[in-house]
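I opened the model to look up a few things and kept notes as I went. The entries follow in the order in which I made them.

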Amino acid sequence: MNELFKAFVKFFSSLRLTVVLLSVSMILIFVATLAQVELGIYGVQGKFFRSFFVLANIPGTQVPFPVFPGGYLVGGFLLINLLAAHFTRFKAKWSKAGIQFTHIGLIVLLVGELLIGLLQEDFSLRLAEGESRGYSESFRRNELVLIDKSQPDFDEVVAIPESTVADLEPVQSGKLPFRVVTKAYYPNANIGMLNSMPEGTDVSGLAPNSSTEGIGPRLGVSPLPLSFNDEERNLPTALVELVGTEGSMGTWLVSPMLVAPQTFNYAGKEWQISFRFQREYKPFTVELKELKHDVYAGSNIPKNFSSLVQVRANDGSEDRESLIWMNHPLRYQGYTFYQYQMDSANGFSVLQVVRNPGRALPYIACILMTIGLLWQFISHLVKFARRRKA
Amino acid sequence: MKRFIPYLVLALGLFVILKSLLPSQADPDFDLEGFSNLPILANGRIKPLDTVGRTTLLTIQGRQAVYLADGSKITPNRWLLDALFRAEIADTYRTFKIENLEALALVGQTDETLKREYDSMTARFMAVLGFLPSRHSRFSFEQLDPYLAEIDRQGGLAIELEPAQRNPFQRAVLKLRNNLVLYQQLKHSMILPEEHDFLTLLQELQENYGAGIAAVRARANEEEHDEALAAQMIDAGQIFLRMDNLAFMFPLPPLGEDTSDHLWQKTGKALLESFQTGMVNPYAMAYAGLGRAWREQSPVTFNTIVELYSTQLNTKFTEQMSKANAERRFNDAAPFYTSLLIYIFVFLIAITSWLVWPEALQKSAYWLLILAWVATTVGILTRMWLEGRPPVTNLYSSALFVGWGCVGLCIILEKIFPNGIGSTAGGLTGFATMIVAHQLSLTGDTLEMMRAVLDSNFWLATHVIIITIGYSATFLSGFLAVIYLFRGIFTKSLDKDTAKSLERMVYGIVCFAALFSLVGTILGGIWADQSWGRFWGWDPKENGALLIVIWNAIILHARWGGLARTRGIMALAIFGNIVTSWSWFGTNMLGVGLHSYGFMDEAFKALVVFVVINLLIIALAYLPANKWRSANRLKSA
């Protein structure tokens, strides 16, 4: 047992393992970088880095099969390797302090990247000039919402995540007087008015549309393949049937492409149904007061984008102006607002809103590694100089 | 005698540098220097006309000098004057480079028409050997004129595709179309090319403004009017409108008190405004006057106008004028070209030192290396001053800086280990990076404006510089390893001591590279966190930098763990060349992410060749030890 344990420790603390793991990580990173051309940066992160194995389908089938260790596995092993090496070879010697600090920094960096991957959330906040918003929207996720408009002071919102819609799971909730049954779901689709389609359009390419209520029956749905382009957003379409106690109330066609919510009445209350970008409400509002897009004289090269915003806390504790521009974000209540996109011609600005509780970790890692590397470098230099003198 | 060789070599080097500082474009009659000094605004910055001429020629024909049919050549300034004021002559110069065979067929070229005839026997012999081109690759606007519509159509089809999806023909035809557009834009900067007497047109306008505008008004109100005068005014208006639409340059400085950059004007726009002010813009008039003087080849008038115009600008735009002047001198001196030449000699002298006169030649190479490095440094500093930026702002400047870093490290190495190895590596890397920089300069003006996302002098000065030094060091360790292998395998000059010191050099430089690439990568993460909200985004360039860090870490751990001995370390260090070239250029070719600011497809071939050569050298490292020519000397002390 003891022998086995020793062999185990020896394996996990060996430099040979380090070199192998580093080489494997290089291959992983290189292949993942190439894959970005097809999958986009976001798609690659999920497939290669935030996974235990890189999966590929067995040729000719849809069965996934692990072909290469993923980021979690390689990173995890590296972490074990680092820790094991430290525990077995640790010596409290000044000459080793540099290496030790560097490696502890590396451990923090690896753990930090794991936490950031798990905890970081980013949203977009799109504001027209003069507009004020108390929520931001997800870059990728959508939600099906049913809103009870009967109260004069507030809306009662029931939000169903896209994953539930995608699974075609019926939803029954105490907050809803009816059941929500998804009949069809297309992860990316284009919709258009049937009567404005050009003469002779091939209607057979459209998906079946069983909608009976709202704008749905007048629309045609053409499903599209999922896009992995980081600049494009997939816009899903769903056909949702609402079933009350006395049977079906009808089927609605919903999509984030339909900006205006569809309205209906049930049991004397007014309701709205829409499929929209997932929202996160904040305890404050942001108003876009002014946007600026400067170019260099005599060219179209952008020189600067900036958004002047007013931040107001709902509890009245904060009401201030802030200028957000390139390389100068606004930080407020754990969120960071970055200038992301801008369309000055149409007068709107898009801010990226990031919440990242693990933000400090890379900085701590950097400090540790800097100390370690400097220590190592200086002590080597001193040794070298002494040897040359001798 | 041998003692004086280093001094002689140094004196020669100094002579080359001093000679490069002398004006090369001087003309006995025309004040071309004064003309090329004149500042204009284009692509966001004020620059001398000299830069416009040179960068336009580099873009459209890949070199600065223009060769005429009789074999004589003209300077960029003369070409620029012809393009601006005597378009019908400039149209006959062969200045459009086309190499793609399908693109050549598109413009009506066949094997017959492409063939180059040489009169002398020697020239023909040289052409067969490939020292002289055997085919034409540059064509005049006149030759291309009949095919403009088709070039435009094909280019329009190609532009619809993503850059990565275009085939070589589409890339070539699109480039040709862009070059033709650039040339047309240039021709419309100061005058309308078809209007051969632009000055008279402006003068007549100046005299008849009051009456002319009244005539146009009357015509609009259907009242009695001088039809000829009204028509003349309307014609002039359309000419100016055309110039305004076609030109890209803003040659006319602001007239009022406010001298800010965004008030510079295009000629067409300024002349259109004269309908409101009732006065022709005097600067536009000055350029029209220059135009006539050049058309009539009248040096006296030309020089007087240049003189008057410069004097006037000097009082109001002192700073712009002095910067433009400095930039012209900088262009003329071409410090990077001079240092490129010297680096070749450093390399040759240093390797010769392993065969004969080691001491004298090593010293010569070392001194010359320092001299070339100083020239590069001055060049980089001048660019920094002109731009008001840290040294690395685009791919071109990164190549200069990688070279600067490599050579700087080599000077230190040669100081510590005075055995010619540092100088050899310095000459080689300096030369190679200057060649890369030259290739990158073919895309146009290398003093570009920084895009908003990257506009942060603090991060440019820290992250970018440190990561670039990391590239330098990784390359250098690779080149040192190549020197080790080549000397060991092909010569008998690698003895145990040299091998030991080379080993230590490679190890030291790898440590240095690991340190700088790690710190640079982390600083990049901090910049990203500060500016975009994520420390690490798996962007291709970030991944590339990480690969360099990991690779250096692998080399170090392999050495510490005893997994690789000298030969293995050398092979690993050479593979570092491949990793670095991927990170530096390969990642930009993917067209993904924030850093893809320098997409170039022609460089792809060069990258593949570089990778293959390095792989071959690595394979060479595994030649059995007894096959090495230095085998015996390596064994015995």
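**Entry 1: a loop residue**

I looked up Val356(B) and found it in the loop between α18 (335-352) and α19 (358-387) of chain B. Helices here are DSSP runs of H or I with at least four residues, strands are runs of E with at least two, and both are numbered from the N terminus. This is a predicted model, in which local features need pLDDT of at least 70, side-chain atom pairs count only at pLDDT 80 or more, and totals for chains, interfaces and linings use all residues. Residues are numbered from 1 along each chain as its sequence is written, while chains are lettered from A and ligands numbered from 1 in the order in which they are written.

Is Val356(B) buried or exposed? Val356(B) counts as exposed because it has 9 C-beta neighbours inside 10 Å. The cut-offs I used are 20 or more other C-beta atoms within 10 Å for buried, 12 or fewer for exposed, and partly exposed in between, with C-beta atoms placed from the backbone. I also checked Val356(B) against Ala42(B), 314 residues away along the chain, and their C-alpha atoms are separated by 53 Å.

**Entry 2: chain B as a whole**

I noted 27 helices and 6 strands in chain B. Its C-alpha atoms fill a box of roughly 105 × 65 × 50 Å along the principal axes. Of its 637 residues, 48% count as buried.

**Entry 3: two helices**

I then looked at helix α3 (residues 49-61) and helix α4 (residues 76-85) of chain B, which pack at an angle of about 90° with their axes 9 Å apart. The axes are lines fitted to C-alpha atoms over the stretch in contact, and angles run from 0 to 180 degrees between N-to-C directions. α3(B) and α4(B) are therefore roughly perpendicular to each other, a term that covers 65 to 115 degrees. Residues in this contact include Leu49(B) and Leu57(B) of α3(B) and Trp79(B) of α4(B); two residues are in contact if their C-beta atoms, placed from the backbone, lie within 7 Å.

**Entry 4: where the chains meet**

I found 41 residues of chain A in contact with 47 residues of chain B. On the chain A side, α2(A) gives the largest share, 17 residues.

**Entry 5: confidence**

Over residues 594-599 of chain B the pLDDT is below 50. Where pLDDT is low, the predicted coordinates should not be read in detail. The model scores ipTM 0.84 and pTM 0.84.

Terms used
Angles under 35 degrees count as roughly parallel, over 145 as roughly antiparallel, 65 to 115 as roughly perpendicular and the rest as oblique. pLDDT is the predictor's confidence in each residue, from 0 to 100.
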